Amino acid sequence: MSLANETFNQTQRNQSVINDECFVYDSAAVKMLRIIPYCVLLIVSLLGNSVIIAVVWKEQRMRKTVNFFIVNMCVADLLITLYMPRVMSVWYSGYQWQVRGTLGLIFCKFAVFTHQTAICASIFTVVAISCDRFFAVVLPLKTVITKTVCKIILAMIWILSVAIRLPMLYGLETGYDRYGKWGCLLSLDDAFYKGAEKAYYKFTLIGLFAVPLSVTVVLYAGILISLKLRKIPGEEVLRNMGRQQRRDAVIKRKVLRMVLIVVAVFVLCWILYFVQLILFSYKIQVSCDVQFLRLFLAHLNSAINPCLYLLLNENFRGGVRNILSRSPLCKCIPSLAMGNLRQRVSPSIGITLSMYPQDEDEQP
């Protein structure tokens, strides 16, 4: 019995070492299989989010409240993307912190703090987008979230995000872990009081995942109920409506579909990240593959968001074409030149939907 207990305890200790030493002893092929997809995520996220920001910045007709929230999401995604090189270093050499001294401490604090603040901002922006769509559908004749209100909400998002992550900024330190390796360590128990770390992680799960998710679900449930009671126009009804009414009805459905898909993808990508935080607060170890999948899915969201905007929204695609058509390097490409010409054709012979003047609340 004693031998069995000793064997079990030794197995636990060995498992702890293995989990702590994740990614260090992987073969070169496995490391490349982890790093190469991250390189793709890095490039797609940087280009995609930059393009979405450029479209809203350059196209006057795209400067609407919901697009400002989308731009805020893109900014947060870009900040998350800037942390990816650090994550790739983890896949290569483990969690050991590479920079020492004062510079290493500064980098430790502000790199992790910026990354975590951007995550908060992304979550709160999803809730803000849901609120914007809720009021646009439920109160279509009243502008609740004006541009001024939108700016206030965006400022509050970042102020609240910074405030929530300040304990992490204070508690992060560089030093040797229990395995003798130099790392960027977060110990809220030492920085504040015993039990602070567990309490903070529980607050994070509830305040940054459970509550925002619940609010988002309630808002979209309200949207769907409102649309159902209003009886969304079918094809026969649409044919009997005027051009302006048809355009508004089609745009509303397309915007709602896009936002619903973006929110659903966001939840699926981040759920494992927040669940693992609770496990971590209880010192419950997870496998190295789960640790990789947790971060990969979370960072995948930053790359997939701009792809969804471009895939599901013609106005964003049209904005990209307009920007490219104005570029001296692209004027020689016939397809772009023809695309730009088609958007300038007279209404008497046809005009694209994206060239119609868009309603304040309905245009995505």
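Rings of Phe, Tyr and Trp, the last taken by its six-membered ring, pair if their centres lie within 6.5 Å; planes under 30 degrees apart count as stacked, over 60 as edge-to-face, and the rest as tilted.

First, the basis of what follows. This is a predicted model, in which local features need pLDDT of at least 70 and side-chain atom pairs count only at pLDDT 80 or more, while totals for chains, interfaces and linings use all residues. Residues are numbered from 1 along each chain as its sequence is written, and side-chain values use heavy atoms, with hydrogens and water left out.

Let me turn to the aromatic rings. A pair of aromatic rings is described by the distance of the centres and the angle of the planes. The whole structure contains 18 aromatic pairs. One of them joins F23 and W91, whose ring centres are 4.7 Å apart and whose planes stand at 75°, so this pair is edge-to-face. F23 belongs to the loop between α1 (2–20) and α2, and W91 to helix α4, so the pair ties together parts that are 68 residues apart in sequence. Helices here are DSSP runs of H or I with at least four residues, strands are runs of E with at least two, and both are numbered from the N terminus. Both F23 and W91 are buried, where buried means under 20% relative accessible area, exposed over 50%, and partly exposed in between, with a 1.4 Å probe and protein chains only.

A second pair is that of Y170 and F192. Their ring centres lie 5.4 Å apart with the planes at 50°, so the pair is tilted. Y170 is in helix α6 (residues 147–171) and F192 in the loop between α7 (188–191) and α8, so parts that are 22 residues apart in sequence are tied together. Y170 is exposed, at a relative accessible area of 53%, and F192 is partly exposed, at 44%.

Next, helix α4. Which residues of α4 are buried? They are M84, R86, V87, M88, V90 and W91. The cover over the buried residues of α4 includes α2, α3 (65–81) and α11 (288–312). Just after α4, G94 adopts a positive phi of about 85°.

Y92 also lies in helix α4, which spans residues 84–93. Together with M32, I36, V40 and V44, Y92 forms a nonpolar patch on the surface, with about 450 Å² of accessible area in total. Such patches are made of residues with over 30% relative accessible area and no salt bridge; like charges are joined within 9 Å, and nonpolar side chains (Val, Leu, Ile, Met, Phe, Trp, Tyr) within 5 Å. The areas come from the Shrake-Rupley method with a 1.4 Å probe, and for residues only the protein chains shown count as cover. Helix α2 (residues 28–58) supplies the largest share of the patch, four residues.

The criterion is NZ of Lys or CZ of Arg within 6 Å of the ring centre and within 35 degrees of the ring normal. R294 is likewise placed over the face of Y273, at 4.1 Å from the ring centre.

I come now to the salt bridges. How many does the structure hold? There are seven salt bridges, each defined as a side-chain nitrogen of Lys or Arg within 4 Å of a carboxyl oxygen of Asp or Glu. E173 pairs with K109, the closest N and O atoms being 3.9 Å apart. This links distant parts of the chain, 64 residues apart: E173 in strand β1 (residues 172–176) and K109 in helix α5 (residues 101–138). E173 is partly exposed at 38% relative accessibility, whereas K109 is buried at 15%.

In helix α12 (residues 314–326), E314 and R317 are three residues apart, about one turn of the helix. An α-helix has 3.6 residues a turn, so residues three or four places apart point the same way. R317 and E314 form a salt bridge at 2.7 Å, N to O, and R321 also bridges to E314, at 2.5 Å. R321 is partly exposed, at 32% relative accessibility. Elsewhere, salt bridges that share partners join D26, R34 and D289 into one network.

Finally, T216, in helix α8 (residues 196–230). Is T216 buried or exposed? At 5% relative accessibility, T216 counts as buried. Leaving aside neighbours within four places in sequence, T216 is in contact (heavy atoms within 4.5 Å) with V126, V127, S130 and V263.
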